[in-house]
Amino acid sequence: RTPLPSSRSRYGGAMPDDAYARIATSYDTVLGWSTAALNRRALELAPAGPGDRVLDVGCGTGAHLAGYRERGADCTGLDLSPAMLEVARRRLPGADLRIGDATDLPFDDGSFDLVLATLFLHELAPDARSMALTEMARVAADDGRVVVIDYHVGSLRWQGRLWRVFSTATERVAGVDHYGAWRTYLDSGGLAPALPDHLTIEQTKPVAGGNLAIWVLRVAGSG
């Protein structure tokens, strides 16, 4: 999700201090307006329902998972922030919500029909980004999908230019290291260069004036 308090990622790598502890309970109030529309669009592009197994990597407060649970999906979430997971547990009682690292997912191969990754890949170093995507592909079923929401590299409409100004300010507030990772992500071409060979882009939907995009990915040879 859109980061604020620290340059450390809560998705991949060690996080000795939970930098999100002080804002977890107010996170959705402050930033929920900016992600709710993205979550709804992802639900439209990659629906899931009863019997489907959905994993949200970097689930944060569970807002995205909540939409899938309302549709009857079996939801699992993973995050490195105990404080964010505590909020998610209140929102999704009984759901399987775990502390874990996106680059070393604690699940068996082919465990999920749908894997979500919302606004965190840009936080990671390039090698960790590829590792996380490889892990998401590993735990996706043969006919499953991986859905990524993140910054889009390409032309911006006027709304996108406004969103990019807002995003730049937000990423700077997150810290020098975090801002540097975001710039590296954009300068290197965004998502595409990080994709492992066995993940292919099935659909790309630019949103927020081109500032962001939703990608639906397939494991090579599936579908």
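**Aromatic rings**

I began with W182, which counts as buried at 0% relative accessibility, where buried means under 20% relative accessible area, exposed over 50% and partly exposed in between, taken with a 1.4 Å probe on protein chains only. Before going on I noted that this is a predicted model, in which local features need pLDDT of at least 70 and side-chain atom pairs count only at pLDDT 80 or more, while totals for chains, interfaces and linings use all residues. I also noted that residues are numbered from 1 along each chain as its sequence is written, and that side-chain values use heavy atoms, with hydrogens and water left out.

For ring pairs I took the rings of Phe, Tyr and Trp (its six-membered ring) with centres within 6.5 Å, calling planes under 30 degrees apart stacked, over 60 edge-to-face and the rest tilted. The count comes to 4 aromatic pairs by this rule.

Y179 and W182 both lie in helix 6 (residues 176-187), 3 residues apart, which is about one turn of the helix; helices here are DSSP runs of H or I of at least four residues, strands are runs of E of at least two, and both are numbered from the N terminus. Y179 counts as buried at 18% relative accessibility, and ring pairs link Y151, Y179 and W182 into a cluster.

I then looked for charges over these rings, which requires NZ of Lys or CZ of Arg within 6 Å of the ring centre and within 35 degrees of the ring normal. The charged end of R172 sits over the ring of Y179, 4.3 Å from its centre, and R183 lies over the face of W182, at 5.5 Å from the ring centre.

**Salt bridges**

I counted a salt bridge where a side-chain nitrogen of Lys or Arg is within 4 Å of a carboxyl oxygen of Asp or Glu, and the total by this rule is 8. One of them joins R218 to E202, with the closest N and O atoms 2.7 Å apart. This pair links distant parts of the chain, since R218 is in strand 7 (residues 212-219) and E202 in strand 6 (residues 199-207), 16 residues apart. E202 is partly exposed, with a relative accessible area of 46%.

R138 and E135 have their closest N and O atoms 2.8 Å apart, and both lie in helix 4. E135 is buried at 13%, whereas R138 is partly exposed at 25% and D109 is exposed at 58%. D109 also bridges to R138 at 2.8 Å between the closest N and O atoms.

**Whole chain**
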